[in-house]
Structure formats: structure tokens, C-alpha cells
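These are my notebook entries on a structure opened today. I recorded what I looked up, in the order in which I looked.

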Amino acid sequence: MLSEQAKRKMDAELAKYPADRRQSAVMSALRIAQDEHDWLSREVMDAVAAYLGMPAIAVYEVATFYEMYNLKPMGRHKMTVCTNLPCALSGATEFCETLKKRLGIDFNEVTADGEFGLKEGQCFGACGDAPVLLVNNHQMHSFMDEEKLEALLKELKS
Amino acid sequence: MTQVILGGLDGNRTWRLADYVARGGYEALRKALSGMTPEQVIEEVKKSSLRGRGGAGFPTGLKWTFMPRNYSGDKYVVCNSDEGEPGTFKDRDILRYNPHALIEGMILAGYAMGATRGYNYIHGEIWSVYERCEEAVQEARDAGFLGQNILGSEFSFDLFNHHGYGAYICGEETALLESLEGKKGQPRYKPPFPATYGLYGKPTTINNTETFASVPWIIRHGGQAFLELGKPNNGGTKIFSVSGHVSRPGNYEVPLGTPFAKLLEMAGGVRGGRKIKAVIPGGSSMPVLPGDVMMQLDMDYDSISKAGSMLGSGAVIVMDETTCMVRALERLSWFYHEESCGQCTPCREGTGWLYRVIHRMEHGQGRAEDLDLLLSLSDNIQGRTICALGDAAAMPVRSFVNHFRAEFEHHVTHKRCLVEGSARQEKVA
């Protein structure tokens with residue numbers, strides 16, 4: 001379920017904590033597993049639990065608590081836009097309308113071809129750059145507008 | 001004008017160790033390790049009047065004295081870089097443009113409190129910043145600023161970055177500790193406080209990124225010099241994140257006590273030359289103030305507090321005359337409802353209730369009794385929960401209703417918005 005490469009990455013995270021505190025690496029381990037599988041199926045979470053020596057339920061608790069884990073497939077490119085107040089004051093609401101229309105989906109939906117998923121974010125801590133779009137949790141795009149969106153979609157599809 | 005943290009930086013070009021050293025970086029660490037006792041380091045921080053930059057404004061030097069001195073096991077220092085208070089985006093800039101200021105600050109804190117390990121808990125959504133911090137820590141380790149017998153002294157300390165994955169509540173210090181231990185981020189009861197029972201049950205001190213990053217300057221130039229940058233009881237400079245309806249949103253590091261009008265001017269003034277209506281001066285959890293009140297205030301802990309709000313994290317959210325206050329509050333209330341960890345009933349149930357009532361007001365279905373209901377709900381949340389998230393959800397509601405009551409009443413009576421002409425007619429959730 002987990003590749004050797006993923007396990008090596010998890011080992012690097014485990015090294016940050018005392019040897020008897022392997023559970024501290026669970027958030028990183030889930031992130032690494034999600035990067036590999038796109039979403040956290042029960043099997044993937046069980047593999048993480050086994051690797052860290054944790055009860056599976058403790059891993060599910062973490063995966064369901066934090067917002068950036070995908071508990072269902074969210075498309076090849078999950079797009080999250082922050083719509084919180086500071087961003088809303090700077091065009092995020094309008095940008096989301098553009099994005100929804102362009103992709104033909106609403107929040108928490110995935111396009112029929114499985115390419116794009118859309119999520120509404122809470123606060124990214126980047127309010128000065130609004131509107132802000134995150135691709136697959138890790139790639140942040142600031143000051144978004146329609147033109148930048150077209151360029152980004154083209155790049156992601158290729 | 002002196003800038004303690006953002007001074008002398010050139011964006012992405014000057015974050016590396018060599019640049020930091022060229023700016024005088026790690027001199028404070030040399031000074032402390034070669035000629036100051038841990039007590040003297042704490043004494044300087046006390047003298048500086050540095051107050052917690054994450055939101056609570058607690059005196060940092062005093063907090064550091066809470067750590068037990070003669071403790072034989074591990075002690076920890078933890079940096080709260082889980083910056084997710086709507087409106088706040090200063091720690092992101094510190095971490096990506098000046099990461100070594102934080103690292104040096106944490107090492108100094110470790111020395112002052114006798115801690116051997118530090119963790120820097122980084123907000124989930126800023127992945128590239130986490131990667132940069134990983135690089136910076138490695139640079140510091142390679143240069144001998146982290147590890148065994150730092151700079152040939154008896155002091156050993158190591159530091160690690162921990163990446164969050166999306167939970168506002170982990171900005172609460174005990175929730176952050178739970179999260180570091182690999183659990184759901186649910187706040188702990190206090191007492192015991194982290195200085196007694198913290199990470200893995202060991203004595204732990206948690207400070208905000210900006211707080212730690214201020215410490216090297218204080219040790220280099222002295223606590224008195226830092227205090228004099230600001231004003232009594234409000235020492236130093238502060239980074240204000242200005243967002244919303246301004247022409248140049250961004251981070252501005254200015255002396256505490258700077259007039260709000262000047263800060264607004266630095267941010268380019270209100271966008272489109274419109275009139276200012278309201279400002280949340282310290283992050284979304286703090287009470288909103290009317291624009292004309294703000295225009296008379298200075299940006300420091302005591303002035304803002306006297307006016308009935310709080311300086312909080314220094315996140316200044318500016319709203320102009322076109323803003324519908326009901327709609328603004330609706331979005332904030334949804335945030336607190338989403339981010340409630342679910343542990344305490346008043347918060348778990350109350351935040352959802354608040355949101356639903358504001359939502360129906362915004363959508364033209366408000367009832368005559370709803371304003372009183374909102375205030376009563378707020379009363380029944382505030383002060384009745386384990387952590388401050390409940391208060392954070394209640395305080396905006398109370399202040400929005402108090403200062404802009406007519407707007408809320410208009411929504412209820414006329415089923416439409418005073419500002420935009422008509423309420424949204426979507427289906428009520």
C-alpha cells in the first residue's frame with residue numbers, strides 16, 4: 001500500500017520525534033500517503049497505522065479532524081479557495097463564481113472527467129494575497145483572476 | 001525607522017543563513033552563550049516589555065519564568081506558526097523571508113529556559129514555507145547553531161519543523177500540543193499549564209513566531225532599546241497585517257503606538273477612495289470598531305483595549321461603506337462553526353446556532369426576536385468553554401450587533417439589506 005519512497009519520507013519525519021513517540025509523525029505520514037494515492041481510503045489509513053504502530057482508530061481520528069486530508073477522491077487537481085472575510089472583501093467570492101462556472105461544478109464536487117475538484121477553504125494565512133487558490137494543498141496561487149485561472153488550468157491539464 | 005524583524009530584507013533573495021549573518025544574525029546567540037546567564041536573558045526580555053504577538057499579549061519574559069528551573073528531564077520550547085486567524089498573515093512572511101530570526105529566537109529561548117528541543121508548528125496551507133523552514137533549520141544545524149555544544153558552549157539544543165494540515169483550533173496552544181503528539185487538536189483543560197505539563201507531559205513554553213523572532217534583536221541591543229521603540233508597557237515594533245478594502249494590503253512593521261490613520265495611509269488608504277466603515281483591529285476574533293473610532297486610535301495593546309477591542313494578532317481588517325455587516329458576520333460565524341473542535345457543548349452547538357440565525361437574517365428570513373437571541377447565545381457561549389474559541393465566536397457577534405444594530409434590524413424588518421439594496425434570496429440552510 002505504501003511505496004518504499006513514501007516509507008523513507010515517513011522515516012525522515014519520525015526522526016524528528018523521540019523514539020517512543022512515533023504517533024507524532026502521523027500527520028506527516030498521512031500527508032505523504034495522500035500525495036501518493038490522491039485520497040485516504042481505509043486501506044491507506046490502515047497501512048499508515050501499521051507502519052507507525054498505532055491503533056487504526058487513532059489514525060482515522062486524525063484524518064477526519066484536519067481539513068486538508070481527502071476522505072474521498074477530490075480529482076487529480078483539488079482546488080481550494082479561501083472565502084473567509086478578508087478574502088471575500090478582496091474578490092474571493094466573485095472569483096469562486098468564475099471558477100464554479102468555468103469548471104461546471106459546485107464546492108465539494110469533482111468534474112466528470114475526474115480532473116478537478118473544488119473546495120471552499122477557511123483561512124490560509126495569506127489574506128494579503130486574496131484571492132488565493134491552493135492546488136492539491138501544496139501549490140499556492142496568489143492574486144487570482146480569470147486570466148490567471150485560464151493559464152493555470154491550461155498548465156494543469158497538460 | 002527601526003524594524004526589528006522585517007528590516008533590511010529583500011523578499012525571497014535574502015532569507016539564507018549567509019544573508020542573516022551579514023545582517024548581524026546569530027550575534028545575539030554568541031553574546032548570550034559567551035557572557036550571559038539564562039536568568040540574564042530572561043531579565044532582558046522582561047525589560048523589553050515584549051508581549052505575546054500571537055493574540056493574547058501576555059508578557060513574554062514573565063511567561064518564561066513559569067518554566068521549572070531545576071527539572072532533570074526534557075523541556076521543550078514550541079513555536080506557534082499555525083497562523084490561521086482570519087486577517088493574519090505576518091508569520092508567513094517572517095518564516096519565508098527571515099526564518100533564521102525565528103530559529104535564533106528559539107535557540108535563545110531554549111537557553112533561557114533550559115530546554116533541549118524545540119518544535120516549530122507550521123500552518124498547513126503554506127507548504128512552500130514549511131519547505132523553506134526545513135532548509136533553514138538544516139543550514140543552522142550545518143553551521144553549528146543547532147545540535148550538541150552550540151558554539152563550543154555547554155548548551156545543546158535541536159529544532160524541528162512540524163507541518164499542520166488544516167485546523168484553526170491548533171493555534172490554541174494546548175490543542176497545538178495535542179496535534180504535535182499526533183492526535184486530534186482538542187484543547188486541554190488548564191491548569192495544569194504547559195509550563196508544568198506540556199508536550200509529552202513535559203514542561204513546555206509556547207510562543208508565537210513574531211514573539212520568538214523579536215528576541216535576537218532584544219538580546220543584541222538590550223531590552224531597554226526595544227522598549228523605547230514602542231511605548232511603556234507596549235515595547236517594540238509590531239507587524240500589522242492589513243487586509244480587506246485597502247489599496248495595498250500587506251504587512252507593515254511599525255512602532256507600537258503608531259496612529260491607525262498612519263497605518264491606513266501606509267496601506268494605500270481605503271480602496272477606490274471610499275469611506276471607511278469598520279475595522280477589526282486584531283484578527284477576526286476581536287470586537288469590530290466603527291471606522292471613525294479607529295481613525296482616532298493608536299495601534300498598541302492598551303489604546304485598542306481602552307476602545308473596547310483588542311490588538312490581538314495585529315491583523316487589521318478594513319471594511320468600507322459598501323460592506324454589509326450582516327453578510328460579513330455571517331461568513332465569520334460560519335468559520336467558527338466549522339472550526340469548533342466539538343469538545344464543549346456551548347461552542348459546538350452554539351456556534352452552529354449563531355451561524356444559522358445570522359444566515360437567515362442575511363437571507364431575508366430574520367425574525368423580530370433574532371437580535372436578542374444572538375446576544376443571549378453569545379452570553380451562553382462566552383466563558384463557558386475549555387478554550388477561547390467560544391469567546392472568539394461570541395465577541396464578533398456582540399460587537400457587530402452593538403455597533404451596527406440598525407443594519408441588523410433593517411435586515412429583519414425589511415427583509416433586505418441596507419447597503420446592497422436587497423438580501424440574497426437563496427434558500428436558507
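How many residues does the contact take from chain A and from chain B? I found 42 residues from chain A and 57 residues from chain B. I note at the outset that this is a predicted model, and I read each entry below as computed from that model.

**Entry: area of the contact**

I looked up the area next. Chain A and chain B together bury about 4,000 Å². Carbon and sulfur atoms account for 56% of that buried area.

**Entry: charged and polar pairs**

How many salt bridges are there between chain A and chain B? I recorded 2. I then looked at one of the pairs by name: Lys16(A) is joined by a salt bridge to Glu134(B). The closest N and O atoms of this pair are 3.2 Å apart, and the cut-off for a salt bridge is 4 Å.

**Entry: the chain A side**

Which elements of chain A give two or more residues to the side that touches chain B? I listed α2 (26–37), α4 (56–65), α5 (85–88) and β2 (116–121). Of these, α2(A) gives the most, with 4 residues. I also sorted this side of chain A by class, and it has 20 nonpolar, 14 polar and 8 charged residues.

**Entry: chain A as a whole**

Read from the N terminus, the elements of chain A follow the order α-α-α-α-β-α-α-β-β-β-α. The C-alpha atoms of chain A fill a box of roughly 50 × 35 × 25 Å along the principal axes.

**Entry: the largest pocket**

What volume does the largest pocket have? I recorded about 1,300 Å³. The pocket is lined by 44 residues, and those closest to its centre are Gly55(B), Ala56(B), Gly171(B), Glu172(B) and Glu173(B). I then asked which elements of chain B supply at least two residues each to this lining, and noted β4 (204–208) and α17 (389–403). The largest share comes from β4(B), with 5 residues. By class, I counted 17 nonpolar, 17 polar and 10 charged residues in the lining of the largest pocket.

Conventions:
Residues numbered from 1 in each chain as written. Chains lettered and ligands numbered in written order. Predicted model: local features only at pLDDT ≥ 70, side-chain atom pairs only at ≥ 80, totals over all residues. Heavy atoms only, no water. Contact = heavy atoms within 4.5 Å. Buried area = accessible area lost by both parts, 1.4 Å probe. Salt bridge = Lys/Arg side-chain N within 4 Å of Asp/Glu carboxyl O. Nonpolar A, V, L, I, M, F, W, Y, C, P; charged D, E, K, R; others polar. 1 Å grid on protein atoms, 1.4 Å probe; cavity = no way out; pocket = protein on both sides within 12 Å on 5 of 7 lines; lining within 4 Å. Points joined across faces, edges and corners; volume = space filled by probe spheres on them.
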